[in-house]
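Subject: Structure handover

Hello,

Here is the structure you are taking over. My notes on it follow below.

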Amino acid sequence: MHTATAVAHPNIALCKYWGKRDAALNLPSTPSLSLTLAPFRTRTTVTWGAESDRIVFNGVENTALEGRKILGALDRLATLTGLGRPPCVVETENDFPTAAGLASSASGFAALVLAADAASKAGLSPEALAVLARRGSGSATRSLQGGWVEWSMGEAPDGSDSFGRAIAPADHWDVRMLVVLVRSGPKEIGSTQGMNHTMETSPYYPAWVEQAPADVVEARGAIIGRDLERLGRVTERSALRMHASMLAADPAVIYWKPETLTALEVVREARRAGIAGWATMDAGPNVKVLCAAADAPSLALRLTTAGLTAQVLTPGGPARVVG
Ligand code: 2P0
């Protein structure tokens, strides 16, 4: 019996992942690009060799879909090593709302594969772990890396070259991401279901896929050149185009709540007043705002004045084994 613990930060996509070109391998229809964010984190302990399989999620035993997906990831790791898998205990906790569009599955599967690799003594390569994380939850392949991360679509039929790679470390650029928590409960439609439904029924989906690669090229250039205006424009545009594809699905996928639009309006109003921030929304109603470190306090004040809350996040480091 061996036990290991890993921590990982969530990431927020600046250029979004929305749709799969291969559901079995969990390969994306588009490249995506993200920023890993501290201090939010997932902490996961894996015991490799126990009496029976047990998943404890934020202190509560879990036998539902999340639990089965976690065991699926452990099975894949065991298959890669050829060693077979003993019963395992996985204890995982988030210090931020779970399944609320705050990328908890990203940090969750990133921490899981690192802890499982260490507990099983599998010694997989970083690339193999990044692919394993992707199989669990696409965005997780980005949370293994710190800072600015690009997840390429890859070309290999087996998906071995589709995983997150760091563009620049967390300390490359001292920006801020404000999190406007509109709802902390789990989302009504899971990401996988939402993206599959959009792919199947939205006439706007092909347009989303077609324009996404150019956005990633633009965002990468803006990050390397530390051009916040350029990055912010791509960020807000990517999110709105992703949501536009969902709005055109049949029936529509609408993750937004009234406060989502309030936050969006505050950010756009602030921009008109010369305080630069750009909004992005994921598979949930919460809003995240990319801005310069110096502008975070005034943007947060505008959001709270409008009756919203704002928490300030900073670029975070890579996922790591801590014990
Ligand atoms: C992203 N999202 O790029 C996008 C934007 C949500 C909206 O990645 O099906 O949990 O497990 O691969 O990674 C959330 O989807 O989906 C997500 P699966 P995942 O961050």
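In which helix is Leu303 found? Leu303 is found in helix H9, residues 296-305. Helices (H or I, at least four residues) and strands (E, at least two) are DSSP runs, numbered from the N terminus.

Before the rest, two notes on how to read the values. This is a predicted model, in which local features need pLDDT of at least 70, side-chain atom pairs count only at pLDDT 80 or more, and totals for chains, interfaces and linings use all residues. Residues are numbered from 1 along each chain as its sequence is written, and side-chain values use heavy atoms, with hydrogens and water left out.

Two residues and their surroundings

Leu303 has a relative accessible area of 0% and is therefore buried. Buried means under 20% relative accessible area, exposed over 50%, and partly exposed in between (1.4 Å probe, protein chains only). Leaving aside neighbours within four places in sequence, Leu303 is in contact (heavy atoms within 4.5 Å) with Leu178, Val180, Ala263, Val266, Leu308 and Ala310. From Leu303 to Gly108 there are 195 residues in sequence and 29 Å in space, C-alpha to C-alpha.

Trp256 lies in the loop between H7 and H8. Its relative accessible area is 22%, so Trp256 counts as partly exposed. Apart from neighbours within four places in sequence, Trp256 is in contact with Leu240, His243, Leu261, Leu264, Met281 and Pro285. Trp256 and Asn94 are 162 residues apart in sequence, and their C-alpha atoms are 23 Å apart in space.

The loop between helix H7 (228-247) and H8 also holds Pro251. A cis peptide bond joins Asp250 and Pro251, with omega about -5°.

Other backbone features

Another cis peptide bond joins Ala38 and Pro39, where omega is about 5°. Pro39 sits in the loop between strand E5 (32-38) and strand E6 (42-48).

Asn26 is not a glycine, yet has a positive phi of about 55°. The loop that contains Asn26 runs between strand E3 (20-22) and strand E4 (27-28). With a relative accessible area of 6%, Asn26 is buried.

Arg226, also a residue other than glycine, has a positive phi near 50°. Arg226 is in the loop between helix H6 (205-224) and H7. At a relative accessible area of 47%, Arg226 is partly exposed.

Helices H2 and H3

How do H2 and H3 cross? The axes of helix H2 (residues 104-120) and helix H3 (residues 126-136) come within 9 Å and cross at roughly 130°. Axes are lines fitted to C-alpha atoms, for helices over the stretch in contact, and angles run from 0 to 180 degrees between N-to-C directions. H2 and H3 are therefore oblique to each other; angles under 35 degrees count as roughly parallel, over 145 as roughly antiparallel, 65 to 115 as roughly perpendicular and the rest as oblique.

On the H2 side, Phe109, Val113, Leu114 and Asp117 meet Leu129, Leu132, Ala133 and Gly136 in H3. The residues of this contact divide into 6 nonpolar, 1 polar and 1 charged. Here Ala, Val, Leu, Ile, Met, Phe, Trp, Tyr, Cys and Pro count as nonpolar, Asp, Glu, Lys and Arg as charged, and the others, Gly among them, as polar.

Salt bridges

How many salt bridges does a search of the whole structure find? The search finds 17, a salt bridge being a side-chain nitrogen of Lys or Arg within 4 Å of a carboxyl oxygen of Asp or Glu.

One of them joins the side chains of Glu61 and Arg54, at 3.0 Å from N to O. Glu61 is partly exposed at 46% relative accessibility, and Arg54 is partly exposed at 36%.

The side chains of Arg176 and Asp174 also meet in a salt bridge, at 2.7 Å from N to O. Arg176 is buried, with a relative accessible area of 17%, whereas Asp174 is exposed at 51%.

A further salt bridge links the side chains of Arg272 and Glu269, at 3.1 Å from N to O. Both residues lie in helix H8 (residues 258-272), 3 residues apart, about one turn of the helix. Arg272 is exposed at 56%, and Glu269 is partly exposed at 39%.

Lys16, Asp282 and Lys288 are linked in a network of salt bridges.

Regards
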